[in-house]
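Here is a quick briefing to read alongside the sequence and the model. Have both open as you go through the points.

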Amino acid sequence: MTVVAGVGLSGFLLLGAKDDRADGGGNTAAPTAASKSATASAPASPEPHSSGTERPTIPGWKVVVNPKWGTAFDVPPDWKIESPSALIGYEDSSVDYDDPANWGKSIVVMSAPAIFRENWCLSDGDKDGRMDNTGLAMAGTKGSQGSKSTAEVAVGLADLWVYGGYTQPDRKNIVHDRTARSYTTRSGVRGSIAWARSRDTPREDKCDSDGKAITFGFKNSAGGFVAWSLVGATGVKGELPDSTIMKILSTVRLHGKPTQS
């Protein structure tokens, strides 16, 4: 599997991609010539929304703003904040990305991400002579138009993030919530949360691991369904604790009028 940017088995990072709503084969944008390389993430402004008018709700943390979906959340100071226009997600391991017709296809993506220890593990799992990077965790927001409820958003996407990042092409190693539970953030945003985790996933590369994901489904100020997700490696040294994940989740809030509906 190829690790491009982000966490787990197969991913990519694109800047200025078109849409983060599609799940499963959704087109985003044609990658750069080296977009399958760990060093190929498009350049972004450093900490583009770590300061300014939007202040963190947890002192000492940094703010991640997603203008497209009208959301914001805080992350600890050692996280890297990518550009609001960046997309991060997972490729389909069965797709040939050497074919330009497949450029931009994905299993699941989110935008305006923040990444925890993006160079946690380096390897050349696909034997192409280039080192690929695997991070410990990442978080961001995506649109979920077409969903019928916040519970549907939470359950479906938590499972999809673990599948895309850790278990594809199999789902037998995934344990996930069958029903979501209600959750309200510190700012009063109400929605639903669900967890998914993998167990005993086969290891093909030294950077492979099991993973976990949580998704919070809610509505933005325009009434559109959106999903905040955090996905990360489990059973490894330095694993992001669930307590920290819940603390980050508690800071999710609405941020102005979304630029995309």
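**Strand, core and helix**

Let's start with alanine 112, which sits in strand S6 (residues 108-116); strands (E, at least two residues) and helices (H or I, at least four) are DSSP runs, numbered from the N terminus. This is a predicted model, where local features need pLDDT of at least 70, side-chain atom pairs count only at pLDDT 80 or more, and totals for chains, interfaces and linings use all residues. Residues are numbered from 1 along each chain as its sequence is written, and side-chain values use heavy atoms, with hydrogens and water left out.

**Alanine 112**
- Alanine 112 counts as buried because its relative accessibility is 2% (buried means under 20% relative accessible area, with a 1.4 Å probe and protein chains only).
- Asparagine 66 is 46 residues away from alanine 112 in sequence, yet their C-alphas are 5.5 Å apart.
- Beyond residues up to four places away in sequence, alanine 112 touches Val64, Val65, Asn66, Ser83, Pro84, Ala86, Ala139 and Gly140 (contact means heavy atoms within 4.5 Å).

**The nonpolar core**
- The largest nonpolar core has 51 residues, and Trp79, Trp161, Phe216, Trp228 and Leu230 have the most contacts inside it (a core is a set of buried Ala, Val, Leu, Ile, Met, Phe, Trp, Tyr and Cys residues joined through side-chain atoms within 4.5 Å).
- Helix H1 (residues 150-167) gives the most to this core, with eight residues.
- Leaving aside neighbours within four places in sequence, tryptophan 161 has contacts including Ile88, Tyr90, Met110, Met138 and Val231.

**Helix H2**
- Ile245, Ile248 and Leu249 are the buried residues of helix H2 (residues 242-249).
- These residues cover an arc of only 100 degrees around the axis, so they lie on the same side of H2 (the arc is that of the directions from the helix axis to the C-beta atoms).
- Among the elements covering them are strand S3 (71-75) and strand S14 (225-234).

Methods. Buried < 20%, exposed > 50% of the residue type's maximum accessible area, 1.4 Å probe, protein only.
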